[in-house]
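Have the structure open as you read.

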Amino acid sequence: MVHNFSPSPPPVPSSNGSFPPLPQGSQSLEPEDSEWDLGRWFALARRRGVVIVGVTVTGISFVIPRTLNEEPSYESKFRILVEPVNAENDLGSLTPGLGNQNIQSSLDYQTQIQVLRSPELMEVVLAEIKKNYPEISYDSLIGNLKITRLGKTKILEISYQGNDPDLILTILDQLAKVYLNYSLNERQTNLRQGIQFIENQLPSLQARVNELQNQLQAFRQRYQFTDPEMKAAQITSQMTALKEENLALEQQLAKSRFNLSSLQEETGAVAALSEATLYQEIIGQLREVETQIAEELTRFQPQSTAIRLLQNQRQNLLPILEQEAERILGAKLAEAVTEVQRLETQRQTLLVAEQQLKQQDQQIPALTRQYSDLQLEIQLATEGLNRFRATWETLQIEAAQTEIPWEVIEAPVRPVAPISPNIQRSITLGAVASLAVGIGVALILEKLDNVYHTALELKQQTKLHLLGNIPINKQIAATPSNNSLAKVGGLLSKPFTWLIPALKQKSTPYIYYGDSQSSHFLEALRILNTNIQLLSSDRPIRSMAISSALPRDGKSTIAVFLAQTAAAMGKKVLLVDADMRKPQVHPRLELPNQCGLSNLILQTLSPSDVIEDNLPVAGLSVLTAGQLPSDPTKLISSQKMAQLMAGFHETFDLVIYDTPSVLGLADTSLLTPRTDGLILVTRVGKTDRSALTQALENLKLSQIKVLGIVANGVKDEYLGLYEYYKSGYKGNPQQQDMDEEENLTPTLFN
């Protein structure tokens, strides 16, 4: 087949938004830590189920033997009433003078508990117990003994744990006897002596309080204030007011002095005279006379009678004007001097008052200390007096009440049922704890696992269009890579027979829906091709580059299959192996590679001489990589390459470029801008997240249009769907054959 190429300038990348660009911002490159929904938890359970079950089983295997082999432990207790139940009522009736005061218990329970656990009392208990149990020690006795107060009650609970029920009962009985004897022997018997001592001290304490209060009263009367802090605040406020008043007075005094000095000068005198009404009237008359003289001089001679009369009138006004000026200035000066003297007198008065306030303010610290010392002495004396009175009342109450010893209200009994081990609870808790540890280990492994596990996760994290989910096809993956299209067609049977008549007789009948993996794989390719064509509604996609973040993600396989799928669907397709470092197209299709893309760029050759179009798939042409050059990047970025690509895009309906991986190489970034966009192939369960993120960052910096992403190696979760449609052909074999002949047989899977 001969192709007519007319080189033209390379196409400019579209900027009208026809194809989706790489999303800008961090949301397309930074994975989001979204909340884990129920589906992600189930996915985690499927992936890490072995770990969770293994850790859980291991934990339970340790818990069960330990629980079953644990020695049983028993516990028993008794309770003692350490104060009379009716103590509050009795005390209230015996002390009516106390009014409605809340009489609290006089027993310090925390101290009492420490006394009951003291070595003195425990030695008495051990002396009796060792007669029958010589192995018992103080440490074991005190370690298993527990004494607590029941809430806010007057009851002490004494419990003991051990492995021997008889020993527990013996210890508790002996403890009850010792505690009751202690309560009888250690009661206070000298209450009256304490009462007498307090009664002797109360008069002197009361006199001391009265004396201090009299001193405080005299202090307040002498200095005429009740609180030094309030007095200090008052003085400060007065001083502030005086300062403000003094400042205003200084301003007035400066103004008056300035007025006086200005009056003594010519400018001030002129200003003062300008405000005098009579003086201004005389000035006005003088100006009228001068005006008349000027007018008459225009008509008469200076020696005329009218002129002389007017001049005499002016001479008469001048002395009057001078007298009025002297009178006004004298009055103004006298007024200014008086005002200055008055303001200076007021300032002196304010300075004297301010000085007095400063003296009072300097005395405040000493007075405050005296006042505080008096108040502190009164407070201490009053508190001492109140304590003595309260103690006197307490001793009176204790002396009035009846001596009631402690009472055992719940006797110790021999324990029957062990408190531990609780086999059901221990195993349940062990299982729950083991399961929690297993889930924790699974979560840790999940965090350390830096790959994408599902296509949905890949789409959510990258924020790119998910163009297709290519499933795993073990049968195709196992096909030897040295098979030609014809051999693979014969191996995978019938779908190529309508394209390659020579194979129809050699091939065995291929049941399309009989191989669910191949069927699903082929349908996934058709969906991918359809999604690519539906990306743009303005114009169809005529060219694309296919790459991946890292090698071995299956980009070459997707390129080969996608080219065959598009050709089988009626398009004129050119598959270009632009990977001139490690080409994969020609070995997969078993095509010669003596002359290819590199030769087409470096030599003067016609594309029709290099492109291989004699293939089993109608409409499919392949341009191999050719001889490996020393500098592939230079060839990719050359003007000759741009002209060739422009010719390819005009000649074929679709041009697919198999390019090297993005990371570490510039080939893809140089070639893709001359196409309609890039398709990024990612291998689910293999591609490293950080590598894909870095690849997207590089593409963003290069302003490369990413049409979308292809999830390769997806588990065939929807295989049952094709099994369902397979069953629909059982009643119509002829229709099955017709459909099979319309389907494409894939060649390889990597």
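A few words on terms: helices (H or I, at least four residues) and strands (E, at least two) are DSSP runs, numbered from the N terminus. Contact means heavy atoms within 4.5 Å.

Residues are numbered from 1 along each chain as its sequence is written, and side-chain values use heavy atoms, with hydrogens and water left out. This is a predicted model, so local features need pLDDT of at least 70 and side-chain atom pairs count only at pLDDT 80 or more, while totals for chains, interfaces and linings use all residues.

Two strands count as paired if DSSP finds at least two bridges between them.

| Strand pair | Bridges | Sense | Facing residues |
|---|---|---|---|
| strand 6 and strand 9 | four | parallel | Ala 545 and Tyr 657 |
| strand 7 and strand 9 | five | parallel | Val 573 and Leu 654 |
| strand 7 and strand 8 | four | parallel | Val 576 and Leu 623 |

How many residues of strand 9 are buried? Five of the five (residues 654–658) are, so strand 9 is largely enclosed by the rest of the structure. Buried here means under 20% relative accessible area, exposed means over 50%, and partly exposed is in between (1.4 Å probe, protein chains only). In a regular strand the side chains alternate between the two faces of the sheet. In strand 9 both faces are covered: Leu 654, Ile 656 and Asp 658 are buried on one side, and Val 655 and Tyr 657 on the other.

Strand 2 and strand 3 (residues 155–162) are joined by five bridges in the antiparallel sense, and Lys 146 has Ser 159 in strand 3 as its bridge partner.

**Buried spots in helices and loops**

Helix 5 (residues 119–129) has Leu 121, Met 122, Val 125, Leu 126 and Ile 129 buried. Looking down the axis of helix 5, these buried residues fall within an arc of 135 degrees, so they line one face of the helix. The arc is that of the directions from the helix axis to the C-beta atoms. An α-helix has 3.6 residues a turn, so residues three or four places apart point the same way.

Leu 260 sits in helix 9 (residues 228–263) and is buried, with a relative accessible area of 17%. Leaving aside neighbours within four places in sequence, Leu 260 is in contact with Leu 333, Ala 336 and Val 337. Leu 260 and Glu 335 are 75 residues apart in sequence, with 8.8 Å between them in space, C-alpha to C-alpha.

Ser 638 is in the loop between helix 23 (632–636) and helix 24 (639–651). Is Ser 638 buried or exposed? At 18% relative accessibility, Ser 638 counts as buried. Not counting residues up to four places away in sequence, Ser 638 touches Ile 601 and Arg 674.

**Two positive phi values**

Most residues other than glycine have a negative phi. Arg 552, in the loop between strand 6 (543–548) and helix 19 (555–568), has a positive phi near 65 degrees. Arg 552 counts as exposed, at 60% relative accessibility. Glu 590 also has a positive phi, of about 50 degrees. Glu 590 lies in the loop between helix 20 (585–589) and helix 21 (597–602) and is partly exposed, with a relative accessible area of 40%.
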